[in-house]
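Work through the following exercises with the sequence and the model at hand. Each task is followed by a stepwise solution.

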Amino acid sequence: MNARILLWPGLAWLVLFFAAPLGIILLISFAHRSPQGIVSWGFNLGNYLRLVDPLYWTGPFGNSLVLAALTTIVCLILGYPVAYSIARRPAPLKNLLLFLVILPFFTNFLVRIYAWFILLRPEGWIAGVLRSVGLDLALLGSPLGVLIGLVYGYLPFMILPLYATLERLDVTLVEAAHDLGATRWQSFWRIILPLSRPGMIAGSVLVFIPVLGEFITPKLLGGGKVPMFGVLIEEKFLGRVPDWPFGAALAVTLMALVSLVLARYFHQVKESRWIG
Amino acid sequence: MDRLKRRVEQFIALALVLDTLLTYIFLYLPIGVLVLYSFSASRYALVWGGFSLDAYRRLLTDPEIAPALVNSILVASSATAIATVLGTALALALERGRVRWHRGIEILSYLPIVIPEIVMAVGLLLFFAQAVRPLLSIGGLSVSPLPTVIVGHVAFSISYVMVVVRARLRDLDKSLEEAAFDLGATSWQVLRRVTLPLLAPAILSGALLAFTLSLDDFYVTYFSTTGGSGFKTLPLYLYALQGRAAIPPQMNAVATLMLFTSLTLIALALLFHHRIRRA
């Protein structure tokens, strides 16, 4: 069969409408800002030098990194017991429970964020319950509100890979540990947890990376008070005072951060395969 | 001591069940509240004013909803059709053919899945604004938002279709195709009569995935139409409603309807999948 005929249409599409746009981001990140905020071609490193400004690191970059890390940790803490107890159920119930975890995520992202908007507003139920126990927390328009929305949005990306590793886990190893006198806690800590590490790492990568580039959740639940990487990028392109070349430099930086995380991940996967 | 140990173990087991239960409440509470509020009588989306169908009535008279719905369906169906053909062909070429620069093409075809959506969206915005539009304007042509959005949606959907089809292709029994070759079939005949029919369920799931992703997409649509001022799909319509100072009640209604549409689609997909498996 002539593979070239099958290959080239898809490949051409990807090169033209995916690779070329990425290349253009890189080119424009070295350009100058035109008076309208758009592009005046040229070569300078000014856009990247501006990234060093500590204001960005205490603001959007810092927020993105901290919130991505917190989201990953909370998803891990919430998701692990769920994945573990689903994996231990008999087959029909197991599938149903897993399906129920995924089901809400087939609905539109904006619909789900909006549902949290109703719940988190100051007159909402949750704020009311918190106030009645003496906690007057701002939820909407605060990093806490954004965190709740992010955890909600990305929890299944943690649960699914965790479930996959826990479900395939060799039960005889746990039984052997019990026979040798290990308590359940010991067998969990020394056997199950280390063996489920691949799932934990895969889940963490799947949560951390998209959260870094998030724009909708901080925009809608943060109400402009929680600047993040994605929000800043959007502002530079579609905001009132656009600066496309600087926005392009931001996008390149985000890409570089993501590549770092991915490179680290693949390195880890390779190594664990080497050992296994 | 043994009793204490048993107590601790019972406590852990209970905590596990409780944590799972709470997570399910966390997952479904917002959805329940949303559906409830869509039946509120209030003039504001965020106030409960007793039961009524007002929000749905208002939705019917909203002049923006129909074009958004039409745009969404137009974009999703055209993008799905193109991406399914191209993605399936790409999977076949990578899995069955001998291709030069195999590793590089493979990486390129996976990239749209791992790269943050916003980066891809920004790339398309710059590509159309800085390369396509200037080039077309030389010939006195311009590009409208609809094809722009479809092009972007195809670009990320190809990868997902390719991944799903390729996984199935790898598991497929090669001996069936080899048998057809031995019996004198041409490579085109093998593809049409053996490989593609065997791949049909995977191609269908790939298409369904592409359709869902396209319907759901916000980033690529929003950026490649530079903010969606003149062209809105349903997600962009939702985003615009949420940006208003007082959110109108039809927001709850459209969100609820979208919720039930996705759930129905999923139920249908599962039913279909089940049928195929049984057959």
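**Exercise 1.** Find which elements of chain B have the lowest and the highest mean pLDDT.

Solution. Start from the score: pLDDT is the predictor's confidence in each residue, from 0 to 100. Next, take the elements, which are DSSP runs numbered from the N terminus: helices (H or I, at least four residues) and strands (E, at least two). Among the elements of chain B, the lowest mean, 78, belongs to helix α11 (residues 250-278) of chain B, and the highest, 94, to α3(B). For context, the average pLDDT of chain B is 87, and 95% of the residues score at least 70. Where pLDDT is low, predicted coordinates should not be read in detail.

This is a predicted model: local features need pLDDT of at least 70, side-chain atom pairs count only at pLDDT 80 or more, and totals for chains, interfaces and linings use all residues. Residues are numbered from 1 along each chain as its sequence is written, while chains are lettered from A and ligands numbered from 1 in the order in which they are written.

**Exercise 2.** Locate Trp101(B) and decide whether Trp101(B) is buried or exposed.

Solution. First, Trp101(B) sits in the loop between α3 (65-96) and α4 (102-114) of chain B. Second, apply the cut-offs: buried means 20 or more other C-beta atoms within 10 Å of the residue's own, exposed 12 or fewer, partly exposed in between, with C-beta atoms placed from the backbone. Trp101(B) counts as exposed because it has 10 C-beta neighbours inside 10 Å. Third, check the backbone: Trp101(B) is not a glycine, yet has a positive phi of about 50°.
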